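Please read the following report alongside the sequence and the three-dimensional view. It moves from the ligand surroundings to selected residues and then to charged pairs.

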Amino acid sequence: MRLLVTGGAGFIGSNFVHQTVRERPDVDVTVLDALTYAGDRASLAPVAEEVTLVEGDVADAETVDRLVADADVVVHFAAESHNDNSLSNPWPFVRTNVVGTYTLLEAVRRHEKRYHHISTDEVYGDLELDDPAKFTPETPYNPSSPYSSTKAASDLLVRAWVRSFGVQATISNCSNNYGPYQHVEKFIPRQITNVVDGIRPKLYGTGENVRDWIHVEDHNTAVWAIVERGRIGETYLIGADGEVDNKTVVELILELMGQSPDAYDHVNDRPGHDMRYAIDATKLRDELGWTPRYGSFRDGLAATIEWYRANEAWWRPQKDATEAKYAQLGR
Ligand code: NAD
Ligand code: DAU
């Protein structure tokens with residue numbers, strides 16, 4: 001199989017490429033990545049010999065057309081992915097997430113290629129803390145932020161291209177990922193690297209907000225299950241029953257790093273901050289037989305802390321600029 005992975009130098013995309021090279025030697029991987037602030041060649045260094053990396057933009061129709069023509073399957077991870085950035089400057093989100101997805105859809109339509117679209121549970125909005133409900137594929141779209149609204153728009157483009165043009169596509173909406181190679185702007189790596197640097201972790205608002213954590217390896221095994229066995233035109237929700245509130249995550253990081261669990265600060269809340277996400281992954285489990293490999297969030301988090309301790313050379317170049325950006329926001 002000739003596989004085109006967009007955004008393969010980012011967090012989830014690079015882990016997907018690593019897993020693919022490790023477990024599927026029959027797959028020939030090409031990565032298309034613009035190497036924005038969130039993309040890093042170094043994330044692909046361990047597989048550099050096995051993978052072709054093309055530096056380019058998913059909104060560049062010419063580059064996309066050429067690469068899609070040469071592929072059998074396209075898995076589209078590339079995106080602007082950080083909510084806080086989307087509140088400061090939404091335009092790159094509209095361009096990459098909406099126009100970029102449109103550009104890929106037109107190419108897979110023209111060349112009749114199989115397409116898998118990576119999306120987020122945030123398209124469904126948020127849940128109350130005491131609501132017994134979880135998101136299902138039938139939950140109405142109700143995105144809150146510029147980021148999640150552009151992801152919702154891109155999902156709807158995919159649905160329309162399936163129905164109107166017969167494009168062979170599937171969509172997955174996953175909950176919050178954690179693991180190696182995640183940019184230090186994101187919650188878990190930010191707090192781990194803060195503790196390494198002797199800075200107290202920063203909790204937005206009260207810290208009651210709940211995220212449904214899944215290890216990035218589990219996200220990626222689910223993506224492969226959908227690429228191989230998913231029904232065309234269907235949406236699959238990916239999650240591993242990992243609901244934890246932010247305060248508990250920070251306390252766990254501090255404990256696992258040998259600090260007092262209350263050694264953190266509350267900072268300004270994020271405007272429009274979603275309260276809770278929770279995924280019902282029954283369809284993925286029952287229809288495709290997927291199960292997560294990572295049983296315990298605590299163990300996965302401990303391994304992630306070890307990864308950041310051992311790979312300071314990877315994250316150190318991101319750290320100062322990220323904290324300077326947060327300092328301006330009072331977060
Ligand atoms: P990331 O920000 O770490 O990586 C994004 C990658 O896309 C980077 O390598 C970047 O250089 C590249 N990119 C950005 N704009 C581009 C463009 N115009 N052309 C080509 N490449 C471009 O993001 P991530 O956390 O790995 O997320 C990957 C995908 O998974 C996104 O679609 C995101 O919406 C989705 N997702 C993320 C999570 C999560 O918890 N991180 C959960 C569910 C879904
Ligand atoms: O749900 C899937 C989504 O998860 C993905 O679509 C996004 O790409 C990904 O970034 C993530 O979005 P969140 O906004 O949930 O992730 P983030 O890491 O930014 O924040 C997680 C929670 O932690 C959120 O409630 C905000 C809070 N937070 C974040 C940071 C950076 C803090 O309390 N302190 C912080 O310093």
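## The surroundings of ligand 2

Ligand 2 is surrounded by 25 residues, the closest of which are T120, D121, Y147, R270 and H273; a residue counts as near a molecule or strand if one of its heavy atoms lies within 4 Å of it. This is a predicted model, in which local features need pLDDT of at least 70 and side-chain atom pairs count only at pLDDT 80 or more, while totals for chains, interfaces and linings use all residues. Residues are numbered from 1 along each chain as its sequence is written, chains are lettered from A and ligands numbered from 1 in the order in which they are written, and side-chain values use heavy atoms, with hydrogens and water left out.

An N or O atom in the side chain of R270 is 2.6 Å from an oxygen atom of ligand 2, and an N or O atom in the side chain of N246 is 2.9 Å from an oxygen atom of the ligand. From S81 it is a backbone N or O atom that lies 2.8 Å from an oxygen atom of ligand 2. Taken alone, ligand 2 exposes 690 Å², and the protein buries 95% of that; accessible areas come from the Shrake-Rupley method with a 1.4 Å probe, and for residues only the protein chains shown count as cover.

The shell around ligand 2 draws at least two residues each from α6 (187-196) and β8 (202-204), helices (H or I, at least four residues) and strands (E, at least two) being DSSP runs numbered from the N terminus. By class, this shell divides into 7 nonpolar, 10 polar and 8 charged residues. Here Ala, Val, Leu, Ile, Met, Phe, Trp, Tyr, Cys and Pro count as nonpolar, Asp, Glu, Lys and Arg as charged, and the others, Gly among them, as polar.

## The surroundings of ligand 1

Around ligand 1 there are 28 residues, and the closest are I12, D33, S81, Y147 and K151. Polar side-chain atoms of D33 and of Y147 each lie 2.6 Å from an oxygen atom of ligand 1, whereas I12 places a backbone N or O atom 2.8 Å from an oxygen atom of the ligand. Ligand 1 on its own exposes 840 Å², of which the protein buries 96%.

At least two residues of the shell around ligand 1 come from each of α1 (11-23), β5 (114-120) and α5 (146-165), and β5 gives the most, with 3 residues. In this shell, 13 residues are nonpolar, 12 are polar and 3 are charged.

## Two loop residues

V27 sits in the loop between α1 and β2 (28-33), and it counts as buried because its relative accessibility is 13%; buried means under 20% relative accessible area, exposed over 50%, and partly exposed in between, with a 1.4 Å probe and protein chains only. The C-alpha atoms of V27 and M1 are separated by 4.9 Å, although these residues are 26 residues apart along the chain. Leaving aside residues up to four places away in sequence, V27 touches M1, L3, T20 and W224, contact meaning heavy atoms within 4.5 Å.

T139 is placed in the loop between β5 and α5. Its side chain reaches the backbone nitrogen of T136 at 2.9 Å, and, again not counting residues up to four places away in sequence, T139 touches Y124 and K134.

## Charged pairs

Side chains of opposite charge can pair when their charged atoms come close. A salt bridge is a side-chain nitrogen of Lys or Arg within 4 Å of a carboxyl oxygen of Asp or Glu, and by this rule the count comes to 27 salt bridges. One of them joins the side chains of D65 and R110 (3.0 Å, N to O). D65 lies in helix α2 (residues 61-69) and R110 in helix α4 (residues 91-111), so the pair ties together parts that are 45 residues apart in sequence. D65 counts as partly exposed, at 22% relative accessibility.

The side chains of E234 and R231 also meet in a salt bridge (3.6 Å, N to O), with E234 partly exposed at a relative accessible area of 22% and R231 partly exposed at 44%.

Methods. A polar contact is a pair of N or O atoms within 3.5 Å; within protein, one must be able to donate a hydrogen and the other to accept it, and residues adjacent in sequence count only if both atoms are side-chain atoms.
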